[in-house]
Amino acid sequence: MSALCFASFFPCDPLSLFFVFVILIISFPSLVFSIGYLKNEYSSRKIALSWILSLGFIFSMLGVVTTNNGFFFLIMWELMSLISYFLVVFDSKKSKSIQAGTIYIIMTHIGTTFITAAILMLFNYSKSFDFIAMKNAVELIPSGTKNLIFLFLLIGFGTKAGIVPLHIWLPYAHPQAPSHISSIMSGVMIKTAIYGLLRFVFIILGIHNLWWGVLVVILAAISCLVGVIYALIEHDMKKLLAYHSVENIGIILLGIGASMIFLKMDIPSLAILSLIAGLYHLINHAIFKGLLFLCAGSIYKATESLDIEKLGGLIKKMPYTAACFLIGSMAISALPPLNGFVSEWLTLQALFLGALNSSGFFRIFLGIAAASLALTGGLAAACFVKAFGITFLSLSRSKKAEEAVEVPFSMKFSMVFLSLLAVLFGLLAVPIVKYLSHLSQYITNIHLNTSFALNNFTLITQSKNPIYLSTPLILILFLLIIATAYFIIRRALPFQKVLINKTWDCGYYNLTPRCEPRFPNRGEYTATGFSKPFRLAFSFFLLPQTKTEKIKDSFYHTTSFKHEISTTPFFNKYIYSPILYLIMKTAKVTRKLQSGSINVYIAYIFATILLLIIFMEKF
Amino acid sequence: MHINIFVVIIILTVFYMATVKRITSLINGFLVQSLFISLYVFSEGVLTKNMELYSVAFILFLLKVIVIPLTLRQLVKNIKADENAGLLISPVISLIFAAILAGFSYEFADKIMPLQGKHLIGAFSISLFITLVGMFLMIFRKKAISQIIGLLVMENGLFLLAAEAAGGLPFFIEITIFFDILVSVMILGVFVYRINSLFTHIDTNKLTRLKG
Amino acid sequence: MKSVIIIVQVLSIILVAPLISGIIRKIKDNLRMRKGASIFQPYYNFLKLLSKDEVISENSSWIFKITPFIVLAAAITATCLIPLFGTGFSLNNMGDIFTLIFILALGRFCLSLAGLDTASTFSGMGSSREMFISSLVEPVALLALFVVALNSESTSLSLIAGVFNFKLSSLVAVIALFMVTISETSRIPIDNHETHLELTMIHEAMLLEYSGRSLAMLELATHIKQMIFFSLIAIILFPLIILPSFGLYQILFTIAFFLLKILIIGTLIALVEISIAKMRLFRVVDFLGFAFVLSLTALIIQTWGM
């Protein structure tokens, strides 16, 4: 075991440096946000506790990504999980928080078990926990064991990242934590799992089999679709954002899995390109998911509710939050010229060029992967139209939403900071891609002579027929056209009046109530209504169930009619509940061993000692 | 180890303790056993002219022959326990069991630590025997005091092993072990007293509520 | 020189787009045994709307006001990407075929938001349905364009336009693209753009609350979007002729040839529109599913080398 020394924590690795950057760039605004967010929510002691835990959390994550020793990696990993558990159950009065915390801690420990097993298997061959020693010892490992190590790493890190079907803790844990912690957890903590995959699989283990990459891509595509479909029907803002994290991890892993495939197929430029796409999406997701969670925190602070069915009209009351949420929504829906668009475009290009350079099964496989990426992009956009539209636009649906006020400066600052980053990372795609190219070349140990930039504003893919992308040009063109149109429409043509009046709504004016109860406005579209087409289209997967209840006064007169729609949580019901049931049954049977009597217990020890003595000669 | 009269008496006391029916007899047996262990150590000290062994024998005598039996007798008087030691199996069967354990320890201890020189019985087998009988006492006796004495007998066995196989443990560690034993007996005594005052009995067979 | 040509190209598309819509409607009306309005009716509508006052809902916010500009800008920016007069004349440096899809998605996103903005039931419903249909259309469009790009070995539009692509897979992909066009231009069987009936409008529903000059911009954007999709199919099926030299005669010939291609596609669309009835919303899922299967088949055929 290597000695305890601080040198083992120093980020001397480009990969560690990148992740340190990701961690810090999200933690900084989140911490600033928490100044305003926690102010009147909790007692000052609890706020101090929250600060200590948050800082501890950030330091543990920094420790995870900077250590170059497997043992310390595990210690820091466990520390990170524990501290985040305490942060999830921070609001300990709510029973939902406790339940969320329990699910979280169980799932994260299952993951940690697999990671520990994998690291110990590596240690078995390398006799040292140092990463470089492990890397050198990989040749000695038989290929069956390598496959096993890879699977354990995938399951272990996948639990933390939120790959389907190991994702069930995400929608419980992320909503329950305070918003700034949710943003750090969703933006950064699940990325440390990706760091683990990159470190252990790419750098230490090396890609040895083609089916590794294929498995990752399949799991990624499934995660994308499952995540976004569940997000579409969610009406709790944070739970919706948590499901989107599952989807985006899928997109990141699409890039990384494709890179694994291309590495094994020996197409170095494409391997680099897909890895760049995956890493770019990683940092983009950190930025816009962090931003969206902070905005959700503002909404919660202003209206004390995260149920979008009860919000509405907030754009007039909270303009900054609305603008930042809009930028976040556009970024996550991959709309140009923001950052989400660039990373999704790069992923699509990588998949396309891969399909071009391969044949047969892989061409079809990569084509289907690209189609699933397009589907999730479309569904994500739909989901965020719903989320932004119902929350911020049209009229308020409850009194609380009516009385919302804009949040204090510290919260505004964080949100604006992250929005600016989202825009910048979209426009400054070229320097970022150059940097990520160097990083990817380090990770995959390939050296490319070409860079991915034509000039400072245009990206170019290094293929036989180069393809270009220039986000600044798109933005400039947009602004030019808007300016020209504005000039023509509003200035050049003769002046005309713009009147403000009631919504036409095909003439149904009376849907807007004039007297109490004024909420909700019966004419407005609801979130449930908005998502109904999706619920019906994906009903084979969502398995919606309807319950109606009619209370009748007499045969002809109904006094109340209740219509309840719910969807069955597929993974909970069909995978986890049976496993839990089995475990409980086994536990009940094993319980009979515990008789409660001291004599029996000592007899167990006695019997064990006798058995050990008998068999000791065999060793 | 030199098979002298002391060792024989020690083995006899072990058999005695396995079959006895009353608590005071148990304590007396323990007393005699500890006495002869200390005498054995003393004779070893004389033989090898080791200063440390003298002091160890003396401390052993003080602690295990005087202090601890006194404490235990005081405890028994305080809780006014029934003299019955609460055997779960009859004395005859206990004796047979102890004999089986003796054979077992002779057979297997041999394989673990082979005999050296002219000794017929290894030190390890005797110590193992004493330890196993100590554990046996803890299992097949109902009263809590039997458990304490069982623990002490186990410690005796281990002490013999250390004294013989390793030529005596370092002095400092021996002192620490003695101190540990003293403190644990006191604490256990307090516990038994508390159990008695709460449950009005110290029958461990009836204390089965601690289950998951 | 190139930028001038691109600007001319874009302006010509903007000018011609309403005409194409007019011609398609005229063909439909004639086939329905009606005289129909003149083919220049969309221009008359546009000018009429420019002179009208606007009424804005009191419930709406700045998103409502800014959306027409964004939608129009998205449509025009997307037009810049398509080469018409020759393979070099598009803003190739800006993006490729995937970028085009995403830019159009931006316009659609903002329009759906505007639909929800006014607290009007019909606009909200239009937004919901539009996002639903478009999210199902995206994989179809992407896969079809994927196949086409595989055949031309690049996703760059100028390269797609330059290759004469009569492979079977491209044809099947174009059929799928045709179905995508029907969906994106909100034509029967997916949407009826001539009506404002509650249950039959999707795209029109989102525009319901707009009036005056904003409505003019949005309608123009719709025409341009239609032109974009038609041009896409046109340049895939009938590639551009590389001009030997660059004189006035050649330019006129290119424009005429281009218009011919567009008219053929427009006629096909008109024929489809009058032969089928509009589908229920959930039947649209099956329709688009069939289109997806077509794209997938195209991909498989492409992999086999055809």
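Biologist: How many salt bridges does the rule find across the interface of domain 2 of chain A and domain 3 of chain A?

Modeller: This is a predicted model, where local features need pLDDT of at least 70, side-chain atom pairs count only at pLDDT 80 or more, and totals for chains, interfaces and linings use all residues. Residues are numbered from 1 along each chain as written, chains are lettered from A and ligands numbered from 1 in written order, and side-chain values use heavy atoms, leaving out hydrogens and water. A salt bridge needs a side-chain nitrogen of Lys or Arg within 4 Å of a carboxyl oxygen of Asp or Glu. For domain 2 and domain 3 of chain A, the rule finds zero.

Biologist: Which element gives the largest share of the domain 2 side of chain A that touches domain 3 of chain A?

Modeller: Two elements (helices are DSSP runs of H or I, at least four residues; strands are E, at least two; numbered from the N terminus) give two or more residues there: α9 (210–232) and α15 (361–392) of chain A. The largest share, five residues, comes from α15(A).

Biologist: And how much area do chain A and chain B bury between them?

Modeller: Buried area is the accessible area (1.4 Å probe) that two parts lose on being put together, summed over both. On chain A, Asn599(A), Phe606(A) and Ile613(A) supply 36% of the area buried against chain B. Carbon and sulfur atoms hold 72% of the total for the two chains, which is about 1700 Å².
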